[in-house]
Amino acid sequence: MVALFFIAGCESPIRATDQNNQNNSFWSGRLALRVDADQAQSFSAGFELQGNAQTGELALYNPLGSTLAVLAWAPGSATLRSNDQTRNFGSLDELVRHAIGTAIPVAALFDWLQGVNTPVPGWQADLSQLAGGRLVARRSAPTPAAELRLALEK
């Protein structure tokens, strides 16, 4: 399903404006994901991530700023909006696996972006360049290996 992110959406992006909400966090920038499967898969997109591990939203944009997909989650709800369609999923993990083709630890991602190196089995996060707006996380298990790179806007 990585191809989902190569399809340009027609929606104009709705940009979040409240970056100082005390209960939520907000990050934006570019992300790249590479999965080293038999046929290597990769994609990159602009992103806006807001909320927290329990309730949040991840919007993905193509280079022209059009919305590719919006992943949203809350307790008991996980949805994918793309190409004027909405799909519901049983969990955030299921939603992420469907949308990007592999699992990534979203709950830990929020911690990593806040500088907390929360351990996740099979994942290694490199937070050494976080002050410069860079985060790299690598998955060695389960296979296939994967690498997630984030470049944050200042």
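Two strands pair if DSSP finds at least two bridges between them. Helices (H or I, at least four residues) and strands (E, at least two) are DSSP runs, numbered from the N terminus. The model is predicted: local features need pLDDT of at least 70, side-chain atom pairs count only at pLDDT 80 or more, and totals for chains, interfaces and linings use all residues. Residues are numbered from 1 along each chain as its sequence is written, and side-chain values use heavy atoms, with hydrogens and water left out.

**Exercise 1. Describe the order of the strands in the sheet and identify its edges.**

Step 1. The open sheet has nine strands, in the order β6-β5-β4-β3-β2-β1-β9-β8-β7, with antiparallel pairing.

Step 2. β6 (85–89) and β7 (123–126) each have a single partner strand, so one side of each is left without a neighbour in the sheet.

Step 3. From one strand to the next, the twist averages 20°; axes are lines fitted to C-alpha atoms, for helices over the stretch in contact, and angles run from 0 to 180 degrees between N-to-C directions.

**Exercise 2. Find the contacts of Ser25.**

Step 1. Ser25 lies in strand β1.

Step 2. Leaving aside residues up to four places away in sequence, Ser25 touches Leu49, Gln50, Gly51 and Gln114, where contact means heavy atoms within 4.5 Å.

Step 3. The side chains of Ser25 and Gln114 are joined by a polar contact of 3.0 Å. Such a contact is a pair of N or O atoms within 3.5 Å; within protein, one must be able to donate a hydrogen and the other to accept it, and residues adjacent in sequence count only if both atoms are side-chain atoms.
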